[in-house]
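I opened the model and kept short notes on what I looked up. The entries follow.

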Amino acid sequence: MRSYRSRRKWKNRIASLLALVCVLVALVPLVSILMEVVSRGAPAIDWAFLTERTKSSGAPDSGIGNAILGSLLLVMWASLIGLPFGILTGVYVSEYGDNWFGRTVRFFNDILANFPSVVIGLFAYSLIVTVIGFSLISGAFALAIIMIPIVANTTEDALRMVPNSLREASLALGVPRWRTVLKVIISNGRSGLVTGALLAIARVAGETAPLILTSFGNNFWETGLTEPVAALPLVIFRNAMSPYADLQEQAWGAALVLITMVLSLNVVVRLLTRKRMKLYKAVKKTWKERLSLNV
Amino acid sequence: MMRPTRKHGSRRSRASLEDKLFKYSVMGIAALVLALLWSLVVKLVFDAQTSIETFGIDFLTSTIWDPNRDLYTALPFIFGTLMTSAVAIVIGVPISIGIAIYLSELAPAWIREPLSFLIELLAAVPSVIYGLWAIYTLRPVLTGSVEPFLMDALGWTPFFEGAAFGIDKLASGIILAVMIIPTVASVSKESMMAVPDSQREAALSLGATKYESTRMAVLSYARSGIFGATILGLGRAVGETMAVTMTIGNANIISWSLLDPGQTMASVIANNWGEADGLMLSSLIEIGVVLFIVALLINVCARLMVGRVMKAVPMTGGGL
């Protein structure tokens, strides 16, 4: 009897330990990636590296300035297309979507949010590249399609968190529903909208596969919408398997720049959401307190 | 007396007209996004027409990919996708379930949130950086110790024949396992946390240890959620492009050995894009259509299985 009980206890301990080991195993790659990218990427970075354009191996003053600019342009154009569509889709689903069409939109948003980005790159290719060739706008279009479901889902969540009493108060004052949505609901869910947008930007900043199919890459300072454009992930991909040490170093430097951008965006989002969650809990608490006082 | 009433009425009808206008324009935008995507699918099928007509059903069952003879079929890539995804699931899912159990059942409250955030950060690292890391850091570990060990221990199976080269299906599978962990762990954790406390308490009050209550109450209750999470992870592994392209070795062959290079549906597209034209381009697009159908089926299954818990998929992310 005693040994049976102690065997169960040991089983319990071993299982708990195994679960903890799983967490640690998963964190090994994360820590290793961060350390490697910093230790191999930092030596590559200096002023010329960040401001010069990419040149072939051995050329002095080769840099990733044009790739940084290209990535910024791609993300900017993608946001200009993707954010309005994503936010308005989210508004529809949250405020008017309590019917079969709203449920359909939601269903496909969830599916699209997990969709292979290479297929989305193919969409952009067949729509735009077949007409005007590899170009900035086709890359931005692909990234925009990736952004839309992310932004729509976060917008929907943010607007659902706006208390119904606000909607009712505004409608009771005779404000039409569309003005209620625009002035009261969206401005109350504003911080949620911002975090959604930042998340979507962090996500597309690192996208590579769709860019191979659409914006292709460029060694020169190119900003035209219909021209191929450089991007950080493309520099990493093309140089990673290069036999030349200086190009490999360039890949690591670009990786450091890219991972800094993406991770800091993610940390900012985390801080914003935590603040909002606290606020949300505070509101809920006073509400409960008020309720108990009334009773 | 009449005038104000009439005026009031007209203002109200204007407001309701504006309301309708707003509602339908927002709805129109949502519809437009959906319609655009589905019309693009049709356009893709149209672009793949040459390949579909040339190869017919052989495209899915024949194993030749030969640019010199202008013959292109997809079976080696479907096979490669299945192999690498299977490795990813076999390695990644047990670890993810362990993480989910730790985060939902065992961890002290103060550490839960920071740990979940760290796990989700795994999804934030861009795929191309995973690839870079795999080439320079994971590969020496694989060639130095992991693959020789596997060849010694399991060399008698068909899966571990060949040389320890480190750029092969095993490397891709391991990288994919790391990449699906945040998805599978987060969704599993979410469905475990949805298990009512009364279930745990019932088991504990009968004298069960934490391990037994987790196994009997939590895991059996959250089973469908965990299964859905696995399917979601599979969807991610199937469509993942860059990290696989950089680690799989790009060989258009079918080989059961994980130590041989291969090619997946996604990686063959990424690898051949710049150079492809004509029939080859059309075939690559057809592979994309096949990938689209597979990903669609997987994601619809997962969505039906886990419902809106699917939203727990970390949207942090550096992209694929």
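How far apart do the C-alpha centres of domain 1 of chain A and domain 2 of chain A lie? I read 28 Å between them. I am working with a predicted model, where local features need pLDDT of at least 70, side-chain atom pairs count only at pLDDT 80 or more, and totals for chains, interfaces and linings use all residues. Residues are numbered from 1 along each chain as its sequence is written, and chains are lettered from A and ligands numbered from 1 in the order in which they are written.

Domains. I looked up the bounds for chain A: domain 1 covers 10-44 and domain 2 covers 47-294, as set by an automatic or database domain assignment. I then checked contacts (C-beta atoms, placed from the backbone, within 7 Å). In chain A, 6 residues of domain 1 are in contact with 8 residues of domain 2.

Chains. I found 71 residues of chain B in contact with 71 residues of chain A. On the chain B side, helix α1 (residues 2-47) gives the most, with 15 residues; helices here are DSSP runs of H or I, at least four residues, numbered from the N terminus.

Leaving aside neighbours within four places in sequence, I noted that the contacts of M147(A) include A78(A), L83(A) and V204(A).

Methods: Contact = placed C-beta atoms within 7 Å. Helix = DSSP H or I, 4+ residues; strand = E, 2+ residues; numbered from the N terminus.
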